[in-house]
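Reader: I have a new structure open here and would like to talk it through slowly. Could you take my questions as they come?

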Amino acid sequence: MIKVVKKGLYFLLSFCLIAAPVLADEKAAENQISEPSILPIPNKYDWNNVEEWKEARKKLEHKLRVLSIYEEEKQSKTVNFLKSLIVPGWGHISADEHTRGEILVGLEIFTVASAIYFYDKSSDYYSRYKNANNVQDISQYYTDANTAYQNYQALLAVMIFIWGYGVLDSFRATSDYNDALWNDLSLEYKGATLEVKPFKLNIRF
Amino acid sequence: MKKLYIAIFVILLIIVLSCSLDRTNPLDPEVNPSIYSPPRVDSLWVYFNNFKLTWVKPYYQAQDTTIYADGYFIWGARSWNTKFDLIGNNVGADNTIIDVEEFYIERNYLVFRVSSYLVYPPNDTLEGYNSKAVTFQN
């Protein structure tokens, strides 16, 4: 009797040892988690397998190469700001916006020349006004001097505005230049083998 | 950004256009209350028969005082469109007649006009508006 019970216990124990993993697998299969769901979404490194990793690595190397050239060739916003501060339009011309730069320089020269002309005219009339001893001349010269002075002031305002606009817009022009440079470099060096030598840069296609 | 630029430009224009030159001439009646404008000579005639240029003594009322001229400048020209030259100076408000025969015969002056003046110490003379130009009539 005892033997029968012992055999029964052994059998039950063996059954449990064999059946437990099977049952556990079934249980796990019921709550199975799909592979993509355990990957971070969005994927931080933009690759899911070795091929994609290699491709991403290649892209990164390309970007690093382009970045090193970009860092050398990009323009400084501060330098272009200072250029525009000295001569309106100079910053734009440096940033390859030749037409806008030339228009700004032209307008500035025109307004400065006109302002000087009206200032000179105003000074002349004002000097005559100060020395006049005729009521008619006093009235006429003052009106003429004041009109010329207001023209000078208006041109001065236009000149300051153009100058300020040029200085502020040089930031935008430099940003656009740097963006275009980055895009051009990205396209230019895509797939190209880059060799950096002292004082020289070689590209092999 | 465009609105900002426009706003800055408008503010600049307002600031600069609100400025004007100072009236610094000490004889400017517009800013100096002690300076009166000389009275304007309105009525004047010159006759061929006696070569006399005459005008009505001008004056005007300013606050509590009546302003008379301290004298008159007489200007002559050879035609209506040529430059006027100073040909005489009649000192005194009542000195409203001048003989122009000599100017007509010797220097060919045909057209005349008169402006009054006021003298301000020490030596400043403020000349008033010119009268209309006249020529000989019979």
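Reader: How much of chain A counts as buried?

Author: This is a predicted model, and in it chain A has 205 residues, of which 21% count as buried.

Reader: And which helices and strands is chain A built from?

Author: The secondary structure of chain A comes to 7 helices and 2 strands, and if you follow the chain from the N terminus, the order of these elements is α-α-α-α-α-α-α-β-β.

Reader: What share of the contacts in chain A joins residues at least 24 apart?

Author: If we take the contacts in chain A between residues at least 6 apart in sequence, then 57% of them join residues at least 24 apart.

Reader: I keep looking at H6 and H7 of chain A; at what angle do they cross?

Author: Helix H6 of chain A, residues 98-131, and helix H7 of chain A, residues 135-188, have axes that cross at roughly 160° and come within 8 Å of each other. Because angles over 145 degrees count as roughly antiparallel, H6(A) is roughly antiparallel to H7(A).

Reader: Is that crossing left-handed or right-handed?

Author: The crossing in which H6(A) passes H7(A) is left-handed.

Reader: What classes of residue are in the contact of H6(A) with H7(A)?

Author: The contact of H6(A) with H7(A) contains 22 nonpolar residues, together with 5 polar and 4 charged ones.

Reader: Switching to chain B, what is its secondary structure?

Author: Chain B has 2 helices and 10 strands, and its elements, read from the N terminus on, follow the order α-β-β-β-β-β-β-β-α-β-β-β.

Reader: How many residues of chain B count as buried, as a percentage?

Author: Chain B has 138 residues, and 22% of them count as buried. As for its contacts with a separation of 6 or more, 56% are accounted for by residues 24 or more positions apart.

Notes:
Residues are numbered from 1 along each chain as its sequence is written. Chains are lettered from A and ligands numbered from 1 in the order in which they are written. This is a predicted model: local features need pLDDT of at least 70, side-chain atom pairs count only at pLDDT 80 or more; totals for chains, interfaces and linings use all residues. Axes are lines fitted to C-alpha atoms, for helices over the stretch in contact, and angles run from 0 to 180 degrees between N-to-C directions. Helices (H or I, at least four residues) and strands (E, at least two) are DSSP runs, numbered from the N terminus. Angles under 35 degrees count as roughly parallel, over 145 as roughly antiparallel, 65 to 115 as roughly perpendicular and the rest as oblique. A crossing is left-handed if the near helix is turned anticlockwise from the far one by less than a right angle, and right-handed if clockwise. Ala, Val, Leu, Ile, Met, Phe, Trp, Tyr, Cys and Pro count as nonpolar, Asp, Glu, Lys and Arg as charged, and the others, Gly among them, as polar. A residue is buried if 20 or more other C-beta atoms lie within 10 Å of its own, exposed if 12 or fewer, and partly exposed in between; C-beta atoms are placed from the backbone. Two residues are in contact if their C-beta atoms, placed from the backbone, lie within 7 Å.
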